[in-house]
Amino acid sequence: MSNGFTHFDKSGNAIMVDVTEKKITTRTAIAEGKICCNKEIIQAIKSQTTKKGDVLGVARVAGIMAVKQTANLIPMCHPLLISKSAIDFEIDEENSIIKVLCTVKMEGKTGVEMEALTGVNIALLTIYDMCKAIDKRMIITDIHLVEKHGGKSADFYFNGE
């Protein structure tokens, strides 16, 4: 039953992909997402005056921790020895948007796209959690893979389409 999907066996059962024969290469993935909020939240984050403390500092740690836990959250992901996990923020004060970027890197036989996407999601959810007392109308949006490098498939760059 060759259906093009590698997460299923010949009988259609879900399986973890066998990466035994793959070559070890440097794998890198960058994902991003945004949280739209109000100006009061942006100012509280910048001045670190939220009741729960340093929002971006905690969100950074949460995102990094999430990267390392991806295989425990997504059933067919391989446990990976991550060599780099970074969470960065860009604050757009004019539009009251915080962009989260997650970069993940390792040497291995499988990619780190899911780890980067998981890191972004958890960092965004942490921002929401820490700021919801100010305003619950925040919107988490535009979560996507920005680029990936390494492995057999060609490098990937998101072009907005």
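**Reading the sheet**

Analyst: Five strands form an open sheet in the order S2-S3-S1-S4-S5, with antiparallel pairing. Strands are DSSP runs (E, at least two residues), numbered from the N terminus. This is a predicted model, where local features need pLDDT of at least 70, side-chain atom pairs count only at pLDDT 80 or more, and totals for chains, interfaces and linings use all residues. Residues are numbered from 1 along each chain as its sequence is written, and side-chain values use heavy atoms, with hydrogens and water left out.

User: Which are the edge strands?

Analyst: Strand S2 (84-92) and strand S5 (156-157) are the edges, each pairing on one side only.

User: What packs on the sheet?

Analyst: Helix H2 (residues 55-73) does, touching S2 and S3. A helix is a DSSP run of H or I, at least four residues. Contact means heavy atoms within 4.5 Å. The direction of H2 makes about 145° with that of S2. Axes are lines fitted to C-alpha atoms, for helices over the stretch in contact, and angles run from 0 to 180 degrees between N-to-C directions.

User: How many bridges join S1 to S3?

Analyst: Two strands pair if DSSP finds at least two bridges between them. Strand S1 (residues 25-36) and strand S3 (residues 97-108) run antiparallel, joined by 12 bridges. Lys34 has Lys99 in S3 as its bridge partner.

User: What phi does Gly150 take?

Analyst: Gly150 takes a positive phi near 100°, in the hairpin of S4 and S5, which has six residues between the strands.
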